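Here are my notes from going through the model you sent over. Have the viewer open while you read.

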Amino acid sequence: DGAKNSVIRFGPPAIASAEVEKDSAQKPVQFDGSTFVEIPAGDAFDLTTKDFTIAARLKTSEGGTLFALAPSGDNWTPDGQSFFVRDGKLCFDIGWVGVVTGKTKVNDGKWHNVSMTWESSARRVRLFVDGEADGEGTLAAKATLPNSVLRIGLTSPDFPQPNTYFTGELAEVRFYQRA
């Protein structure tokens with residue numbers, strides 16, 4: 001249960017975009033469409049049997065993966081889980097199960113606080129943009145993904161299309177083992 005409340009902070013915990021851009025000592029990390037962070041202990045993150053929340057602070061004009069529990073190899077797989085931006089909108093996908101897509105475009109080059117929650121009992125995914133509900137649906141993995149890794153900035157080289165790698169800035173990514 002080491003991932004109970006994990007924060008992967010790339011820059012300051014900024015609330016407003018002016019604060020991020022004024023702070024010259026610490027800047028959010030720029031993901032250039034070919035970079036990502038990988039944490040080998042994916043099994044520490046329970047996205048199959050317990051409630052969870054993923055939150056991020058992002059700025060992008062394109063999109064790509066924010067947070068993924070994926071196989072360690074190069075191919076997307078059944079029961080992999082990915083929180084990403086596609087066609088400007090938030091998406092949460094479980095491999096070979098389905099996808100929940102939001103309504104609001106976040107690829108406008110401005111800072112946004114985005115999050116998603118999953119409630120185990122109802123199998124409910126909820127998406128949020130800047131504190132407002134943005135979409136919901138019902139999804140659940142069929143099984144725990146064995147030998148998984150946690151990735152930020154990439155799910156797998158073959159998923160999601162068209163932007164597999166994240167392009168933009170991330171100030172921080174948070175994981176909570178509760179909705």
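1. The protein chain has an average pLDDT of 88, and 85% of the residues reach at least 70.

2. Still, where pLDDT is low, the predicted coordinates should not be read in detail.

3. Now the largest nonpolar core, which has 32 residues. Those touching the most other members are Leu66, Phe67, Phe83, Phe92, Val114 and Met116. Strands supplying at least two residues each include β5 (81–86), β6 (89–94), β8 (111–119) and β12 (167–176). β4 gives the most, with seven residues.

4. Setting aside residues up to four places away in sequence, Leu66 touches, among others, Leu58, Phe83, Val114, Ile152, Phe166 and Val173. Arg151 and Gly153 are also among its contacts.

5. There is a second, separate core as well, made of five residues. Ala70, Trp76, Cys91 and Phe159 are among them.

6. Where does Ala143 sit? Ala143 is in the loop between β10 (132–138) and β11 (148–152). Is Ala143 buried, exposed or partly exposed? Its relative accessibility is 36%, so Ala143 counts as partly exposed.

7. What does Ala143 contact, leaving aside neighbours within four places in sequence? The answer is Thr48 and Asp79. Pro78 lies 65 residues away from Ala143 in sequence, yet their C-alpha atoms are 8.8 Å apart.

Notes: Residues are numbered from 1 along each chain as its sequence is written. This is a predicted model: local features need pLDDT of at least 70, side-chain atom pairs count only at pLDDT 80 or more; totals for chains, interfaces and linings use all residues. Side-chain values use heavy atoms; hydrogens and water are left out. pLDDT is the predictor's confidence in each residue, from 0 to 100. Helices (H or I, at least four residues) and strands (E, at least two) are DSSP runs, numbered from the N terminus. Buried means under 20% relative accessible area, exposed over 50%, partly exposed in between (1.4 Å probe, protein chains only). Contact means heavy atoms within 4.5 Å. A nonpolar core is a set of buried Ala, Val, Leu, Ile, Met, Phe, Trp, Tyr and Cys residues joined through side-chain atoms within 4.5 Å.
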